[in-house]
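Let's take a friendly walk through this model, heading by heading. Keep the sequence and the 3D view open as you read.

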Amino acid sequence: MTWVLGACAATLTLALATPGTAQAANGVLIIDGALHTDPSGCLPLGDFAPSKVTNLTDEVAFVWSGPNCTGQVTRAVLPGQVVRPAPGMSLFIA
């Protein structure tokens, strides 16, 4: 499990460090029933209860333990995957 989180963090770091590649994911990300079309960047999750995340995009979404995508990656939500609960306070998608 540790190597998976390490790989996710490395992928995210590379994605953030590569200039000129920023673009939104294609599709819809659903967080607690709210639709985010072609999402990108850091999105907040529920403050008090773990969120339900449905990833209908073409990108992997990463759940972070802290607000504003800080702390540690607690979960990767693959394209087509539904995760409940999503243990964290924010989510990053490229």
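## The disulfide

A disulfide here is a pair of cysteine sulfur atoms within 2.5 Å. This is a predicted model, in which local features need pLDDT of at least 70 and side-chain atom pairs count only at pLDDT 80 or more, while totals for chains, interfaces and linings use all residues. Residues are numbered from 1 along each chain as its sequence is written, and side-chain values use heavy atoms, with hydrogens and water left out.

The structure holds one disulfide, formed by Cys-42 and Cys-69 with their sulfur atoms 2.1 Å apart. The torsion about its S-S bond is about 105°, so the disulfide is right-handed. It links distant parts of the chain: Cys-42 sits in strand E3 and Cys-69 in the loop between E5 and E6, 27 residues apart. Strands (E, at least two residues) are DSSP runs, numbered from the N terminus. Cys-42 is partly exposed, at 35% relative accessible area, whereas Cys-69 is buried, at 16%. Buried means under 20%, exposed over 50% and partly exposed in between (1.4 Å probe, protein chains only).

## The four-stranded sheet

An open sheet of four strands runs in the order E3-E8-E5-E6, with antiparallel pairing. Two strands pair if DSSP finds at least two bridges between them. The edges are E3 (41-44) and E6 (73-77), each pairing on one side only.

E3 and E8 are joined by four bridges, and Leu-43 has Leu-91 of E8 as its bridge partner.

## Ser-90, a buried polar residue

Ser-90 belongs to strand E8 (residues 90-93) and is buried, with a relative accessible area of 1%. Its side chain reaches the backbone oxygen of Gly-66 at 2.5 Å and the backbone nitrogen of Cys-69 at 2.8 Å.

Leaving aside neighbours within four places in sequence, Ser-90 is in contact (heavy atoms within 4.5 Å) with residues including Cys-42, Cys-69, Leu-43 and Trp-64.

## Two nonpolar cores

A nonpolar core is a set of buried Ala, Val, Leu, Ile, Met, Phe, Trp, Tyr and Cys residues joined through side-chain atoms within 4.5 Å. The largest has 13 residues, and those with the most contacts inside it include Leu-29, Leu-45, Val-63 and Leu-91. Strands E1 (27-31), E5 (61-64), E7 (82-86) and E8 each give two or more residues to this core.

A second, separate core of five residues includes Phe-62, Trp-64, Cys-69 and Phe-92.

Technical notes. Polar contact = N/O pair within 3.5 Å; in protein donor to acceptor, adjacent residues only side chain to side chain.
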